[in-house]
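Thanks for coming, everyone. I will keep this short. Please have a look at the model first.

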Amino acid sequence: MTRTIFILTTCLATLVAWPAFALGPQSLRGVEEATEFCKYSAPRAAVDADREAYDASRRRTAQRPVEVWLGAAAAPVIEYDRVTGALELSVQHAARFADGFAIGANVRAVGFELTEDRAQRLWARYEAGTARLKLTFLPLAWSDYERALCRQEGTVQVLDGDVLNAELVDEVGQTIASYRTRLGQEVELMRHHRIQGYLDTGTPVVTVSAVGTYPASQVQLGLDVQDRLKSELRTALYGCYLKGLTANGRLQGALVVKMSAREATVLVDSLHDPATRGCALERMSELPDRSAGPAILKATVIFRLEETPAL
């Protein structure tokens with residue numbers, strides 16, 4: 001049986017963002033759509049940006065499948081395997097799908113099960129430009145939120161991800177041959193059958209209900225500093241929560257944390273997940289001082305799954 005490799009070998013993983021899959025793929029048909037996609041490449045917003053709006057858009061973009069189309073210019077290597085009866089193709093280098101944008105793929109052994117005669121006819125159409133290859137993938141940030149959505153390679157923005165499906169599509173958009181990876185099969189299953197414990201029924205949400213000075217400190221925080229710290233904590237800890245959900249799809253709870261300029265310490269833990277707690281403490285310790293003076297800060301962070309209606 002053939003495999004598809006798309007930077008990372010496709011694999012089974014706990015899918016933690018059901019609403020993104022329910023929405024269906026985002027289609028990058030040209031420069032405008034690809035530019036909008038890469039606008040949210042970084043896990044955190046620039047200093048002068050609207051952090052909350054950026055975070056919301058980034059989460060939607062990072063956790064939703066993506067579709068791109070490759071024409072004959074992608075120059076894939078093709079071979080017909082008479083033993084398996086499959087037309088196998090691979091794209092060995094980054095293949096451009098729009099001006100200045102490419103798939104950072106090592107897409108190998110995508111196998112369309114066809115007779116040899118039909119395979120030759122379909123590939124002739126592809127080379128003539130009357131058929132295209134459509135790839136559907138998940139951005140790498142869907143399972144590792146800290147990963148960039150796009151990376152600069154010379155003058156080209158390269159998109160990396162885990163392949164779900166590959167299709168040969170004719171000039172009117174009709175699918176004439178298709179291949180689905182194992183991960184793609186699992187995602188499709190989840191779209192139709194919501195399996196408890198494997199795919200959670202909620203949207204991951206991180207909220208900071210309170211942030212202020214620890215009792216030992218006399219420094220008071222202004223409202224603007226509180227709001228800024230809450231926003232930074234939400235953004236910094238969201239990736240930790242996603243990682244925790246890959247191990248426990250029902251993980252919920254809260255952390256009350258004391259933070260100084262040099263370290264963070266847990267005061268109360270109802271999350272009971274050492275990996276997520278450790279990740280949160282590391283991220284909090286890395287946050288720079290935000291005009292809080294010498295204060296020791298105390299923050300209450302809630303990790304929860306916001307219920308979403310069943311389909």
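**Helix packing and ring pairs**

Let's start with a helix contact: Arg51, Glu52, Asp55 and Arg59 in H3 meet Arg228, Ser231, Glu232, Arg234, Thr235 and Tyr238 in H6. Contact here means heavy atoms within 4.5 Å. Helices (H or I, at least four residues) and strands (E, at least two) are DSSP runs, numbered from the N terminus.

Some ground rules. This is a predicted model, where local features need pLDDT of at least 70, side-chain atom pairs count only at pLDDT 80 or more, and totals for chains, interfaces and linings use all residues. Residues are numbered from 1 along each chain as its sequence is written, and side-chain values use heavy atoms, with hydrogens and water left out.

Back to the helices. H3 covers residues 51-62. H3 and H6 pack at an angle of about 15°, and their axes are 10 Å apart. Axes are lines fitted to C-alpha atoms, for helices over the stretch in contact, and angles run from 0 to 180 degrees between N-to-C directions. H3 and H6 are therefore roughly parallel to each other. The cut-offs: under 35 degrees is roughly parallel, over 145 roughly antiparallel, 65 to 115 roughly perpendicular, and the rest oblique. The crossing of H3 and H6 is left-handed. A crossing is left-handed if the near helix is turned anticlockwise from the far one by less than a right angle, and right-handed if clockwise.

Now H6 and H7. At what angle do the axes of H6 and H7 cross? Roughly 155°, and the axes come within 9 Å. That makes H6 roughly antiparallel to H7. This crossing of H6 and H7 is right-handed. On the H6 side, the contact is made by Leu233, Ala236, Leu237, Cys240, Tyr241, Lys243 and Gly244. H7 brings Thr276, Cys279, Ala280, Arg283 and Met284.

His272 is not a glycine, yet it has a positive phi of about 55°. Is His272 buried or exposed? Exposed, with a relative accessible area of 62%. Buried means under 20% relative accessible area, exposed over 50%, partly exposed in between (1.4 Å probe, protein chains only).

On to the rings. How many aromatic pairs does the structure hold? There are 5. Rings of Phe, Tyr and Trp (its six-membered ring) pair if their centres lie within 6.5 Å; planes under 30 degrees apart count as stacked, over 60 as edge-to-face and the rest as tilted. Phe97 and Phe101 have ring centres 6.4 Å apart and planes at 40°, so this pair is tilted. Phe97 is buried at 10% relative accessible area, and Phe101 is buried at 7%.

Tyr145 and Tyr238 pair edge-to-face, 4.8 Å centre to centre with 75° between the planes. Tyr145 lies in the loop between strand S10 (131-139) and strand S11 (150-153), and Tyr238 in helix H6 (residues 223-247), so the pair ties together parts that are 93 residues apart in sequence. Tyr145 is buried at 2%, and Tyr238 is buried at 3%.

Arg59 lies over the face of Tyr238, 4.9 Å from the ring centre. Elsewhere, the charged end of Arg29 sits over the ring of Trp69, 4.0 Å from its centre. The criterion is NZ of Lys or CZ of Arg within 6 Å of the ring centre and within 35 degrees of the ring normal.

Last, the overall picture. The protein has 7 helices and 18 strands. Of its 311 residues, 49% count as buried.
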